[in-house]
Amino acid sequence: MKVTLFRYVSCMKSLLGISFVFLCSGGAYAQNLALIDQSPEIKVYEASKAYIANEEQDSRYTLGTNDVLTITVQRHPEVSGRYAINTEGKIQFEFVGDILISGMTKEQAAAVITKRLEKYIIRPDVTVVITEYNSKVVYVIGEVGVPGKIYMRGNTITIRDALLAANLPQLTAATEKATLFTPADNGKVVLHKVNVYDLLYKGDLRQNYVMKPGDTLYLPATLWAKVARFINPITQPIGQAAGTAVSVHAL
């Protein structure tokens, strides 16, 4: 009875594994066909110079909603402190009222605050430091160490830096089949195929696309990872039942 039950469990695992491989192969083939004939709302673009990271890319951070600043006015602690940018793009500054600084760099914001304070303080010395970067995010999802939001410290971030922030791809990631989703101004979505393996392990900087706020990088799982995740919930109850049967038989 004990030997027969174990043979049954082994056969079930083998049959489920073989069947699912064929199912996945058919699904992958259908998915490839679907990519060839996509809807007009989504276009697939190959690597373009306009989206590849380069040294001339402007990465200066412009302030936005929910960013938190530490503003220091030398010799005037009464007007120094931490200020959050509200939904209107303004900070509520002491004595001078609301100041619109959204879209400015911290240097530009310091100049604007200085000009406003000159009405009340002789030669104000203003320093602005960004304490919390909250207004610009990209998303890295799928088979990475820490999937989710990546808070940007510039107006752009490269795929390589975003992957490092997400704790790199996992062993289960299909690193040659990553996709970058970029929302377009017309409401459509632009897809860029990215070979993360070549980027990280072969130094192919052509794959190092620039990500902008709102972009999403997706790393899918490998076929074998999908097979294992599919089979495990099915075979686990069978294995537990087999273990229970053996225990009862032993008693």
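Which residue in β8 does Val140 stand opposite? Val140 stands opposite Gly148.

## Model and conventions

This is a predicted model, in which local features need pLDDT of at least 70, side-chain atom pairs count only at pLDDT 80 or more, and totals for chains, interfaces and linings use all residues. Residues are numbered from 1 along each chain as its sequence is written, and side-chain values use heavy atoms, with hydrogens and water left out.

## Overall composition

The protein has five helices and 13 strands; these are DSSP runs numbered from the N terminus, with helices being H or I of at least four residues and strands E of at least two. Of its 251 residues, 33% count as buried, where buried means under 20% relative accessible area, exposed over 50%, and partly exposed in between (1.4 Å probe, protein chains only).

Among contacts (heavy atoms within 4.5 Å) between residues at least 6 apart in sequence, 60% join residues at least 24 apart.

## Strand β7 and its partners

Strand β7 (residues 137–142) pairs with β8 (residues 148–151) in the antiparallel sense over four bridges; two strands pair if DSSP finds at least two bridges between them. The two form a hairpin, with five residues between β7 and β8.

Strand β7 is also joined to β13 (residues 216–219) by four bridges, and these strands run parallel. Here Tyr139 has Thr216 of β13 as its bridge partner.

## Asp215

Asp215 sits in the loop between β12 (210–211) and β13. Asp215 is buried yet has no salt bridge, and the nearest side chain of opposite charge is Lys212, 7.2 Å away. A salt bridge is a side-chain nitrogen of Lys or Arg within 4 Å of a carboxyl oxygen of Asp or Glu. For charge, Lys and Arg count as positive and Asp and Glu as negative, while His and the chain ends are not counted.

The side chain of Asp215 does reach the backbone nitrogen of Lys212, at 2.9 Å. Leaving aside neighbours within four places in sequence, residues in contact with Asp215 include Val138, Tyr139, Leu180 and Phe181.

## Positive phi in loops

Arg123, in the loop between α2 (106–117) and β6 (126–132), has phi near 45 degrees, a positive value in a residue other than glycine. Arg123 counts as exposed, at 70% relative accessibility.

Asn167 lies in the loop between α3 (159–165) and β10 (178–183), with phi near 70 degrees. Asn167 is partly exposed, with a relative accessible area of 48%.

Methods
Polar contact = N/O pair within 3.5 Å; in protein donor to acceptor, adjacent residues only side chain to side chain.
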